[in-house]
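These are my notebook entries on a single structure.

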Amino acid sequence: IAGSSDTASTREGRLLEDIAGLHFYRTFGALQHGEVVYDSTQGSADFLYKDGVSQIAIEVGKGLKDARQVAATMKRLKCRYGLTVSTQPLMLSSDKQSVMVPWDFFALA
């Protein structure tokens with residue numbers, strides 16, 4: 001956003017979110033393997049993947065992100081699974097319903 005007072009880090013985070021959104025659209029939406037929608041609710045995950053049967057909450061961010069936004073969205077929308085893409089190491093949540101994926105792994109997709 002030219003002329004914005006946002007920091008470079010904030011702009012980079014938004015760019016990474018856009019990159020992930022385009023990847024999800026190309027992978028799922030354009031091939032008609034489900035639908036990826038943006039979730040604009042404050043404090044929610046960035047995207048929802050819907051395949052007609054279930055939903056996956058997806059949060060994308062720069063830096064270290066925890067799974068709180070994904071967990072809140074999963075609870076609010078009764079999502080079965082969650083995905084967080086950030087610089088956190090690869091890990092599975094204790095309830096085995098949410099996975100943290102580092103950007104370098106995600107970039108291989």
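Entry 1. Is Gln42 buried or exposed? I worked from a predicted model. I found that Gln42 is exposed, because its relative accessible area is 77%, above the 50% cut-off. I placed Gln42 in the loop between β1 (35–38) and β2 (47–50). I then looked up its separation from Arg11: the two residues are 31 apart in sequence, and their C-alpha atoms are 18 Å apart in space.

Entry 2. I noted Val70, Thr73 and Met74 as buried in α2. Viewed down the helix axis, the buried residues of α2 fall within an arc of 100°, so they line one face of the helix. I recorded Arg68 and Lys75 as exposed on the other side of α2. I also looked up what the buried residues pack against, and found β2, β3 (55–60), β4 (81–86) and β6 (98–102). After α2 comes Lys78, for which I noted a positive phi, near 55°.

Entry 3. I returned to Thr73 for detail. Thr73 counts as buried because its relative accessibility is 0%, and the cut-off is under 20%. A polar atom of the Thr73 side chain lies 3.0 Å from the backbone oxygen of Gln69. Leaving aside residues up to four places away in sequence, I listed the contacts of Thr73 as Asp39, Ser44, Ala45, Leu48, Ala57, Lys78 and Cys79.

Notes. Residues are numbered from 1 along each chain as its sequence is written. This is a predicted model: local features need pLDDT of at least 70, side-chain atom pairs count only at pLDDT 80 or more; totals for chains, interfaces and linings use all residues. Side-chain values use heavy atoms; hydrogens and water are left out. Buried means under 20% relative accessible area, exposed over 50%, partly exposed in between (1.4 Å probe, protein chains only). A polar contact is a pair of N or O atoms within 3.5 Å; within protein, one must be able to donate a hydrogen and the other to accept it, and residues adjacent in sequence count only if both atoms are side-chain atoms. Contact means heavy atoms within 4.5 Å. Helices (H or I, at least four residues) and strands (E, at least two) are DSSP runs, numbered from the N terminus. The arc is that of the directions from the helix axis to the C-beta atoms.
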